[in-house]
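Here are some exercises to work through with the sequence and the 3D view side by side. Try each task yourself before you read its solution.

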Amino acid sequence: MSTRSLRVALLTGLLTLFTGCTDTPDPDPQPEEDAGTGVDAGLPDAGSPDGGEAAPPVFTRRPASAVVVEGGGRQHFQVTAEDPRGRPLTFEWSANLGTLQVDSQASGSDAEWIAPGCLVSGVTASFSVTVTNDLGLSSSIEFSVVGLPVCPAWTPTSSLSITRGGHAAVLLPSGKVLVVGVSSTTEVYDPESGTWASAGSLARARTSLRATLLPSGKVLVAGGGGDPGLEVLEVYDPATNTWASVGDLGFPLRIELTATLLLSGKVLVSGGLPFGPNPIETAEVYDPETGTGAPTGSLVKARFGHTATLLPSGKVLVTGGLGPYPGGEAPRPAVAEAEVYDPATGTWSSAGSLAISRAGHTATLLTSGKVLVTGGFTVIKESPTSGMYFTRYLDTAEVYDPATGTWSSTGSLATKRGAHTATLLPSGKVLVTGGNMGGSGSLATTEVYDPETGTWSQASSLTTGRYTHTATLLPSGKVLVVGGSGKDGSLATAELYEEP
């Protein structure tokens, strides 16, 4: 073998021997999978090349699938979770009923649930909890509660002798209920027997009137639409079951005024719509002792269909209603401004404004001395340049605090409604019944407001949908709903509700 051949052979052998110790280029290199090409590609800081796929958090503690809770009670729930890579977590709770108060930590979350007093038949109180890491990956669980009583159903009672809507109802000292309006005939309901009896007749039939219980136990009827001559006031005497005329208002006949009993025993009459296109701002005070009325300070804003609520201070809060025509083709606007009347000075002053103008609403004095305003409707222009207007029904509610003279929003109704009723219950809660929301007709749904939580819960539905009805709290704690308008016209039916 030549010297050259020997050298080649030796070099070839050395290369073969040390092949494992050299970085020989791969003729067909493949890209190495890392955090930028794996399942979690594109997610921030998804992990190192050997970290594996990103995974959602896992619950390590959860409530039982069905928890027993008493009506109106409080229940504590707790969950804990962990992320496979120790990523930060957030928790979100939801409940279809009641009120949740949530306190979350890094790896767990606690919730206290205030249960409604009862459940509408067929409804289950259900919950969900979702835990999410900072990559947006999440896990959810669901559970429910049992043991809550079914809300008591409305119970039909005897019907009126005639159909009535836009009437008035007054609880008498005897515990009976006087119903007046639409016809000249009037009726009295006896809760003991569940029956109606005649209460004599007004001198004239009137609608959209106001009836006020006087300190004597008699009932004053003022205003209303109908025949001329309804400026005359009439008084019902339960002792004789008769009516008598007792003078007249110093201002023209008007409908949808307010008549509020003052602490002095006198009655404040304000606003209303006379025979004419626009409401009036005048007010007067009627004295039952003398049977006469005297003018007092005028409202700042003319209105009708408003509410007037006697405050614990003896002042009177007026809210909402419809104002005068602004001119042109525009309809009457709903009023947002509120006013307070001071009997000591006979003057009105501003009480701020509602968050949204409204009419067809309710105003209820709460046990706290605050006033709850619910629902109604407002009038809205289609656009700044349009000449078209439409009526929008409301589900919002607001609370007025006389101590500060301010308004604040509170929980909204589940259903938009106007021409409904709102009744303060013995528990301090407020029962809202019926109403309408425009083209959908009369509503049968009812809701209960809890001032402690500022929230609403569903109650059992009326047996008959109705609006422009009355609702009266009886001495027994039951609520008597009477008459109104339904899908087929005015109603004569009545029904009873009992708080659970």
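**Exercise 1: The second largest pocket**

Strand 18 (232–237), strand 19 (242–248) and strand 22 (283–287) are the elements to begin with, as each of them supplies at least two residues of the lining of the second largest pocket. Strands here are DSSP runs (E, at least two residues), numbered from the N terminus. The model is predicted: local features need pLDDT of at least 70, side-chain atom pairs count only at pLDDT 80 or more, and totals for chains, interfaces and linings use all residues. Residues are numbered from 1 along each chain as its sequence is written, and side-chain values use heavy atoms, with hydrogens and water left out.

Task: find which strand gives the most to this lining, and describe the pocket.

Solution. 
1. Strand 19 gives the most, with four residues.
2. The space in this pocket is about 290 Å³. (On a 1 Å grid over the protein atoms alone, a pocket is an open set of points where a 1.4 Å probe fits, with protein on both sides within 12 Å along at least five of seven lines; lining residues have an atom within 4 Å of a point.)
3. Among the 19 lining residues, Leu 214, Ser 216, Lys 218, Val 235 and Pro 288 are the closest to the centre.
4. Sorted by class, the lining has eight nonpolar, six polar and five charged residues. (Asp, Glu, Lys and Arg count as charged; Ala, Val, Leu, Ile, Met, Phe, Trp, Tyr, Cys and Pro as nonpolar; the others, Gly among them, as polar.)

**Exercise 2: The largest pocket**

Solution. 
1. Of its 50 lining residues, Ala 169, Arg 210, Ala 308, Ala 363 and Ala 422 are the closest to the centre.
2. Elements that give two or more residues include strand 10 (168–171), strand 15 (210–213) and strand 28 (362–365).
3. The lining has 25 nonpolar, 23 polar and two charged residues.

Notes:
Grid points are joined across faces, edges and corners, and a volume is the space filled by probe spheres set on the points.
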